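Look at the model below before reading on. The report that follows is written to be read alongside it.

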Amino acid sequence: MEALVAIAIGVLTGTGVFLMLRARTFPVLLGLTLLSYAVNLFLFVSGRVVVASAPLTDLGLATYPDPIPQALVLTAIVIGFGMTALLVVLALRAIRETGGDHVDGGER
Amino acid sequence: MLLPLVILIPLLGAWLPAALSRAFGIDPARTAGALVIAALAIVLAQAGAVLDGATFVQSWPWIPSLGLNASFRLDGFALLFALLILVIGVLVVLYARYYLAPEDSKERFYGLLLLFMGAMLGVVLSENLLLLVTFWELTSLSSFLLIGFWRHQADARRGARLALMITGAGGLALLAGVLLLGHVVGSFELTQVLASGALIKAHPLYETILVLVLLGAFTKSAQFPFHFWLPHAMAAPTPVSAYLHSATMVKAGIFLLGRLFPALAGTETWFFVVSGAGLATQLFASYVALFRHDLKGLLAYSTVSHLGLVTLLFGLGTPLGEIAAVFHIINHAVFKASLFMAAGIIDHETGTRDMRRLSGLARYMPWTAALATIAAGAMAGVPLLNGFLSKEMFFAETFQVQWLGPWYWIMPVAATLAGIFTVAYSTRFVHDVFFGPAPQGLPKTPHEPPRWMKVPVEILVSLCLLVGLTPAITVDPLLRAAAGAVLQGPLPEFSLSLWHGFNLPLLMSVVALVGGAIVYFTRRYHFDLHGYTQRPVDGRKISEDAVGCAVRGARWLVERVANHSLQRYVLLLVVAALALGFTGARGLTITGTAAPTPADGLAVLVTVALVLTAIAVAALHAKRLLALLLVGIVGLAVSLAFVRMSAPDLALTQLLVEIVTVLLLLLAMYFLPAESPPESSRARLARDVIVAVVAGGAVAALAWALLTRPFESIAWYYLENAKPEGSGYNVVNVILVDFRGFDTLGEITVLGIAAVGILALLQGLKLDGPALDWEGRPWASERYPLMLRVLSQPLLPLALLVSAYLFLRGHNAPGGGFIAGLVTGTAMLLQYVAQGSAWASMRLPWNYTRVIAAGLLVATATGLASWAFGAPFLTSTFGYVTWPVVGKFELASAMLFDLGIYLAVVGVVMVIISRLGGLAGPSSIASREGQ
């Protein structure tokens with residue numbers, strides 16, 4: 001499992017970085033989304049991989065997952081949405097201000 | 001008596017001259033004078049006891065944890081300086097009243113002067129070293145303003161900047177030194193520091209402390225090689241020069257040498273550094289002074305040279321040398337202030353300070369000439385004047401050096417040489433200006449100045465004479481008290497008298513006087529003094545060049561790095577992060593020791609799907625709609641990963657956010673081009689692929705390294721206490737609303753701020769969407785599909801019900817405010833999609849900004865309510881009620897907090913979607929209606 005998680009995080013980071021280096025706002029937005037998946041997954045598995053369990057103490061399980069990274073990542077996902085929305089609006093505003101969707105402003 | 005009053009009267013009274021002048025038309029000089037005299041009266045009231053050897057220390061705790069106390073100290077040494085500052089201060093206030101031109105703002109001048117005076121008094125009266133450094137910086141700042149008083153003159157501005165740069169940098173060094181000193185001693189109070197001399201000198205940090213403190217002292221007191229700011233500070237009005245650059249501010253460095261004398265002095269390092277700097281300064285500056293043509297320039301270098309003399313005396317580290325240093329501080333302040341004032345009078349009455357143009361002024365202003373001659377005599381060390389006495393003591397002390405061995409004669413010879421130059425430039429000051437033929441072509445016809453302008457000079461010159469003639473009864477008590485306070489111990493035997501018999505110091509005095517006269521009067525056989533233009537190594541040029549170089553370098557770097565391309569910046573950021581990461585990870589093994597968890601077929605399948613889809617997104621990103629749909633698939637795969645890895649709350653959240661995000665991006669796509677144009681260069685593409693692969697590989701390796709290492713968590717605490725302390729089985733939710741509720745409050749606040757930012761960006765924004773789709777077809781005539789419309793309406797109440805269910809069970813099962821809020825938001829969002837923004841906002845007419853605000857208020861109020869019960873912020877409580885039908889039901893204050901989260905999340909989602917949905921301007925709607 002650990003290898004699968006590491007590969008997934010690596011691929012999400014790589015594709016996210018690649019898209020963030022593009023010149024247009026839309027791919028950059030997609031790249032940021034992928035990168036935030038990677039970051040959230042990374043933070044999440046810092047509590048290590050625990051399968052077939054849940055942080056619900058009334059289940060009476062032998063092992064529980066670490067609930068702290070889960071709580072951190074939950075708010076991170078929601079805030080990530082806020083950030084994406086802000087960037088979407090910024091991209092729209094940039095179209096109005098610069099006349100194009102190039103990240104450096106205008107058509108280059 | 002309150003010591004702080006002495007400092008606070010001028011410091012806080014600095015605005016009074018201007019205020020009273022504007023309100024009642026009172027002469028600012030009178031107000032300033034009254035304030036200074038009030039402060040002086042407080043000091044004088046204590047003078048008797050201090051002269052008898054008392055030390056007053058008054059202390060108030062300020063920030064005790066940092067060792068910073070508002071503590072003040074008045075002992076002999078502080079008394080001496082306080083008297084110099086206040087007495088000469090009164091005289092300067094009087095003098096400036098006549099010196100300043102009508103167009104100069106007297107209000108500003110006296111305000112700044114009082115500010116400086118308060119800062120300077122703070123330096124000398126501080127018991128706490130941190131407090132001393134604070135006042136020290138304040139003197140640098142206020143002197144910057146005073147030097148630049150004539151702010152229309154470029155000279156004044158440059159001189160002020162230079163002074164601030166040098167003394168400010170020295171102040172930073174001093175701060176570092178004082179912090180180390182406090183670290184070594186364990187206290188910043190002078191009483192402790194002065195008593196710990198042996199400890200400090202034996203400490204391995206002693207040399208560092210010494211160098212840092214001396215940097216502060218030498219820059220302030222214009223010691224070589226930091227002397228060059230002082231001559232440039234002569235662009236200040238002459239009263240400022242007379243006050244700051246003779247009597248007070250430049251003496252602050254020397255004050256520090258004296259103040260910390262018991263703590264730092266007496267070692268070999270101290271001797272070589274301090275007296276070395278002093279000797280070099282004294283010789284060099286006295287030589288240079290002879291060649292200055294500007295009266296104030298000559299006096300400036302003379303001041304540097306005399307400060308060097310005092311530094312040298314402190315550097316000797318002997319008790320008698322220290323007494324001579326203190327004595328010379330007094331004498332120099334008195335004669336130099338009067339000479340500056342005389343120079344100011346000459347400038348004021350003739351319009352020039354250039355000695356090549358001045359001549360024979362004695363016939364126009366005989367009384368001023370007499371006063372200046374006496375003061376210059378004191379400067380040269382002529383017998384019967386005060387300068388002679390301290391100079392004799394200085395000459396005598398130069399024989400007492402123990403560290404030079406067979407080179408012991410260097411000190412007396414250099415001292416005599418400096419004495420010769422001092423006599424020569426003193427003679428030049430008097431002879432060039434007052435004697436010789438009548439001056440030609442002066443800007444003004446010279447005459448005696450106003451009566452009261454001369455009074456300060458007269459008082460100071462009579463002090464020169466009084467001290468010079470009867471030292472034992474005039475200056476002896478003050479000198480003993482001050483020198484005793486410097487030493488912090490018994491004084492050796494010494495007597496102040498005019499005649500010590502024929503001895504070596506007397507011989508040196510005679511050689512200096514005769515030699516100096518010879519040098520001056522035979523100068524024309526060696527060179528033409530007046531035709532001589534000096535081009536010494538100019539410290540100002542060096543420092544300004546250094547600053548210019550730094551500015552140019554910074555500009556060069558900025559132009560190279562900052563090319564206004566965000567694309568470039570992102571690349572630099574990623575590359576820099578990778579470089580730092582690789583540097584830090586050198587030599588680490590990647591695979592750890594923890595046993596891996598076995599994988600199953602489904603996990604492999606989902607991972608393969610996620611990897612392929614993510615790569616497809618990157619490869620196909622130019623086709624935007626396709627790429628967006630693929631991103632949605634990646635998000636679903638991530639949700640599945642959360643399910644598999646025991647995080648139901650996260651899976652729910654991810655799923656809902658994914659829906660909202662994809663819808664949001666779809667909405668944005670309407671206004672953006674449907675496809676990205678091809679990349680301009682394949683090289684750039686290749687470069688980015690390499691960077692991306694390296695970054696992905698590095699992060700994968702990092703994740704692998706993390707996952708294969710054993711770890712300790714504090715999870716057990718939360719797992720064990722979630723039920724007993726937070727009354728919930730869902731630990732994630734209990735952490736969010738209870739254990740780490742403050743974090744969550746911060747996070748929903750950030751969300752709210754993001755929504756406000758979005759509103760601000762959308763302010764007044766109207767965009768026209770394309771009239772045709774990306775394949776050139778008109779948009780569908782049926783704007784809102786019927787099936788969706790019919791289905792979405794009954795879905796809303798159902799979704800709200802689910803949302804309420806998720807909210808209520810959240811404390812014990814997956815759910816809670818975040819998830820419930822997202823469900824509600826999604827359901828309402830569906831109405832916008834299915835029915836259009838106009839229809840939806842008519843039926844859901846809430847002001848969502850207020851919903852966010854209400855959410856934040858509820859959450860904050862829940863936290864504040866715990867104060868009412870005397871508990872810390874956000875303490876939660878819970879109880880059980882039995883409801884009919886439902887049965888036993890738990891009520892927790894955390895649920896109220898969760899309600900705040902719910903409202904904030906709903907508000908944020910709706911603000912964003914409703915505003916973006918309403919973005920399409922009327923024109924684009926109309927154009928579509930027209931299709």
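This is a predicted model: local features need pLDDT of at least 70, side-chain atom pairs count only at pLDDT 80 or more; totals for chains, interfaces and linings use all residues.

**Nonpolar cores**

The largest nonpolar core has 206 residues. Ala82(B), Ala375(B) and Cys464(B) have the most contacts inside it. Helix α4 of chain B, residues 76–99, gives this core its largest share, 19 residues. Leaving out residues up to four places away in sequence, Ala375(B) touches Phe335(B), Ser338(B), Leu339(B), Ala342(B), Val461(B) and Cys464(B). There is also a second, separate core of 131 residues, which includes Val5(A), Leu656(B), Ala904(B) and Val909(B).

Strand β1 (residues 56–63) of chain B pairs with β2(B) in the antiparallel sense, over seven bridges. Strand β2 (residues 68–74) of chain B is largely enclosed by the rest of the structure, because five of its seven residues are buried.

**Two helix pairs**

Two packed helices are described by the angle between their axes and the distance between the axes. The table gives these values for two pairs.

| Helix pair | Residues | Angle | Axis distance |
|---|---|---|---|
| α27(B) and α31(B) | 566–585 and 682–707 | about 40 degrees | 11 Å |
| α2(A) and α3(A) | 25–45 and 67–98 | about 170 degrees | 10 Å |

With an angle of about 40 degrees, α27(B) is oblique to α31(B). The crossing of α27(B) past α31(B) is left-handed. On the α27(B) side, the contact is made by Leu571(B), Val574(B), Val575(B), Leu578(B) and Gly581(B). On the α31(B) side, it is made by Val691(B), Val694(B), Ala695(B) and Ala698(B).

The pair in chain A is arranged as follows: α2(A) and α3(A) are roughly antiparallel to each other, because angles over 145 degrees count as such. Residues of α2(A) in the contact include Leu29(A), Leu32(A), Leu43(A) and Phe44(A). Among those of α3(A) are Leu72(A), Val73(A), Ile77(A) and Leu87(A).

**Leu667(B)**

Is Leu667(B) buried or exposed? Leu667(B) is buried, because 20 other C-beta atoms lie within 10 Å. This residue is found in helix α30 of chain B, residues 648–671. Apart from neighbours within four places in sequence, Leu667(B) is in contact with Leu916(B) and Gly917(B). The C-alpha atoms of Leu667(B) and Leu919(B) are separated by 9.8 Å, although the two residues are 252 residues apart along the chain.

Conventions
Residues are numbered from 1 along each chain as its sequence is written. Chains are lettered from A and ligands numbered from 1 in the order in which they are written. A nonpolar core is a set of buried Ala, Val, Leu, Ile, Met, Phe, Trp, Tyr and Cys residues joined through C-beta atoms within 7 Å. A residue is buried if 20 or more other C-beta atoms lie within 10 Å of its own, exposed if 12 or fewer, and partly exposed in between; C-beta atoms are placed from the backbone. Helices (H or I, at least four residues) and strands (E, at least two) are DSSP runs, numbered from the N terminus. Two residues are in contact if their C-beta atoms, placed from the backbone, lie within 7 Å. Two strands pair if DSSP finds at least two bridges between them. Axes are lines fitted to C-alpha atoms, for helices over the stretch in contact, and angles run from 0 to 180 degrees between N-to-C directions. Angles under 35 degrees count as roughly parallel, over 145 as roughly antiparallel, 65 to 115 as roughly perpendicular and the rest as oblique. A crossing is left-handed if the near helix is turned anticlockwise from the far one by less than a right angle, and right-handed if clockwise.
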